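Visitor: Please take one part of this model and look at it closely. Then set that part against the rest of the chain.

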Amino acid sequence: MASKEGFLTDEQREVLKIASHNVEGLSSSPKSPTSLLAEYSIKAPAGGKGPTAGGAVKHVRRSHSGKFVRVKKDGAGGKGTWGKLLDTQGDSHLDRNDPNYDSGEEPYQLVGSTGSDPLDEYKKAVVSIIEEYFSTGDVDLAASDLRELGSSEYHPYFIKRLVSMAMDRHDKEKEMASVLLSALYADVITPGQIQDGFFILLESADDLAVDILDAVDILALFLARAVVDDIVPPAFLARAKKGLPESSKGVQVIQIADKSYLSAPHHAELVEKRWGGSTHITVEEVKKKIADLLKEYVENGDTMEACRCIRELGVSFFHHEVVKRALILAMETRTAEPQILKLLKEASEEGLISSSQMAKGFSRLSESLDDLALDIPSAKALFQLLVPQAILEGWLDASFVKSSGEEGEVSDDAKLRRYKEETVTIIHEYFLSDDIPELIQSLVDLGAPEYNPIFLKKLITLAMDRKNREKEMASVLLASLHSEIFSSEDIANGFVLLLESAEDTALDILDASNELSLFLARAVIDDVLVPHNLEEMSSNLPPDSSGSETVRMAKALLSARHAGERILRCWGGGSGWAVEDAKDKILKLLEEYESGGVVAEACQCIRDLGMPFFNHEVVKKALVMAMEKKNDRMLDLLQECFAEGLITINQMTKGFTRIKDGLDDLALDIPNASEKFSFYVEHAQKKGWLLPSFGSSAAAS
């Protein structure tokens, strides 16, 4: 068997021997042992193996490069070897001038590697947050995770990632993405970051279109939904369009969003329901569902089922209503109190109702304790017992006591903050429904007339950032509020607030100064303000301020020829006719009614005018016509209008006041005008059409 093993020739053995004896002396010579061995390649004869026998060859190994090298007996080795197990000699030295110097023999040095890009890390982290949200639907958890992630400067990329991931999924995820954006708006992600995120999406629309069918249409719907949800202002579309190449798909997205979605009739409702809109139900529907589930819970006591129903509502931002209604139910039905408190505790521990929503529910209840005491005399006492119990059991934050007084009353700042939140909701609902009586009732229910100027400021600010339709609606609403619940001082103070903040408003809204000057001029035309109010405002503002310039522009508009007609038509609204046009329509409908028309049809015509703030003209012309025709049938029409709430007591009083002021001129054409008017006043007072103040003013005159 030995003969089959590899062997060295005598000449090779001699060379190896010489190399072994002189290895120390050759460390810096032109020919190292390694190179010598490489020169004499060791070959195995045919039929044999490599050099494995003999004492010398056991220290020969193959390097990584494939060459055979001589390895020292003590294991230090050379290039391509592992070296000694413990190499403690510090006198070894590599000569970089040596022709055989190899940088690979230099000792390894640890070099600090460049850290990973924080943006890349952020993008990876948000993907898991979004995936988890799509699986659980937990808005609060997603918001909490994003807040804990930090790196808020990268939030625009979260917007892009969320929307782009949802675009490639079902309608359910698209709806969830829109709901999450609305929930994060202003709380976790700033308005500016929302807009930046959508601009990044518009910039990458061409790339998205490569991977996603109908990417342009889907992204346009996301953009329209953001506008409808008031997380992106309509002015953003024009600004973003200027920053994109005209031929880009981003511009197509903006055009489709504006023309196909936001300009369509009832666009808000259509856009919200495009993906099912399961979370977008009316406030009243949500309240009814909450009342029903609480009632059912009290009957069956199934806490798990009640929590499931609350979760299925999909309105985590409205859970404060659950808390408020549950506490009221506990006060009304004392036997149900333990069950109710158990439900709230369970919902808090599960994270179903957040601590902020829980505190908000208690705060809202504390604000309404005075009214609640009319139905539940012990409401305040019961509330004072519930608060410490909830804090003790850990489902109400102890800070609630600090933010409220002994009687459960909240601070003025907190009350103002909540008022602003409530009014934003009221205004949004008005822009959707165009229901002025409902809005007026909502303001009355708030019971904070001292904040009327703040409501006006919020109304005009929101309208300025929307389309002409909403601007027209805002002006119409102001005229109605002035005749119903707002004083002239409220209106003037509200405009002063707007003028004082004109510089800040201009940062967010294009042409804010021009828009505000139109609102001011329109208020004067609608008799909401008088020209003297503009003089007072101007004198109280710094001469070179944006507010002063706005007042000057409003004065210029009012001094122009045919100013009334032009200002009424400035937004092209349905009720933006010239005053003469409106008067002509009123006269025609009254003549048609007087000649044998139906009361219901006449009421519908008045309603179709869409000018409730101008209904005093209907009253005035109806009374004049009754005097001229000597036909009291007009009183039946006024009675029906008043009974339906079509003409309010304020508008009715204003109409009678205008007749009273013009009686002298009217008597030139109708000699018995004064007698007829006295009869109409007496009739109106019996029917309750007029404010009590009218009688005293009439007597004084």
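Guide: A helix here is a DSSP run of H or I, at least four residues long, and helices are numbered from the N terminus. The model is a predicted one.

The spacing has a simple background: an α-helix has 3.6 residues a turn, so residues three or four places apart point the same way. Just after the helix comes Gly610, with a positive phi of about 65°.

Now the rest of the chain. There are 38 helices and 2 strands. Of the 701 residues, 42% count as buried. The chain exposes about 37600 Å², of which carbon and sulfur atoms supply 51%. Among contacts between residues at least 6 apart in sequence, 71% join residues at least 24 apart.

In soluble globular proteins, nonpolar side chains tend to be buried together. The largest nonpolar core here has 61 residues, and those touching the most other members are Phe158, Met167, Phe198, Leu202, Phe222 and Leu223. Helix α9 (residues 215–228) gives the largest share of this core, 12 residues. Leaving aside neighbours within four places in sequence, Phe198 is in contact with Ile159, Leu181, Phe222, Leu223, Ala226, Val232 and Phe236. Another core, of 45 residues, lies apart from the largest one; among its members are Ala463, Met473, Leu520 and Val524.

Charged pairs complete the picture. Side chains of opposite charge can pair when their charged atoms come close. The structure holds 22 salt bridges. One of them joins the side chains of Glu131 and Arg169, with 2.8 Å from N to O. This pair links distant parts of the chain, 38 residues apart: Glu131 is in helix α3 (residues 118–136), and Arg169 is in the loop between α5 (155–167) and α6 (171–184). Glu131 has a relative accessibility of 32% and so counts as partly exposed. Arg169, at 30%, also counts as partly exposed.

Lys471 and Glu515 form another salt bridge, and their closest N and O atoms are 3.8 Å apart. Lys471 lies in helix α24 (residues 468–484) and Glu515 in helix α27 (residues 512–525), so the pair ties together parts 44 residues apart in sequence. Buried means under 20% relative accessible area. Lys471, at 4%, is therefore buried, and Glu515 is buried at 17%.

A further salt bridge stays within one helix: the side chains of Glu549 and Arg552 meet at 2.9 Å, N to O. These two residues are 3 apart in helix α29 (residues 546–559), so about one helical turn separates them. Glu549 is partly exposed, with a relative accessible area of 35%, and Arg552 is partly exposed at 41%. Elsewhere, salt bridges that share partners join Glu305, Arg308 and Glu312 into one network.

Notes
Residues are numbered from 1 along each chain as its sequence is written. This is a predicted model: local features need pLDDT of at least 70, side-chain atom pairs count only at pLDDT 80 or more; totals for chains, interfaces and linings use all residues. Side-chain values use heavy atoms; hydrogens and water are left out. Buried means under 20% relative accessible area, exposed over 50%, partly exposed in between (1.4 Å probe, protein chains only). Contact means heavy atoms within 4.5 Å. Accessible areas come from the Shrake-Rupley method with a 1.4 Å probe; for residues, only the protein chains shown count as cover. A salt bridge is a side-chain nitrogen of Lys or Arg within 4 Å of a carboxyl oxygen of Asp or Glu. A nonpolar core is a set of buried Ala, Val, Leu, Ile, Met, Phe, Trp, Tyr and Cys residues joined through side-chain atoms within 4.5 Å.
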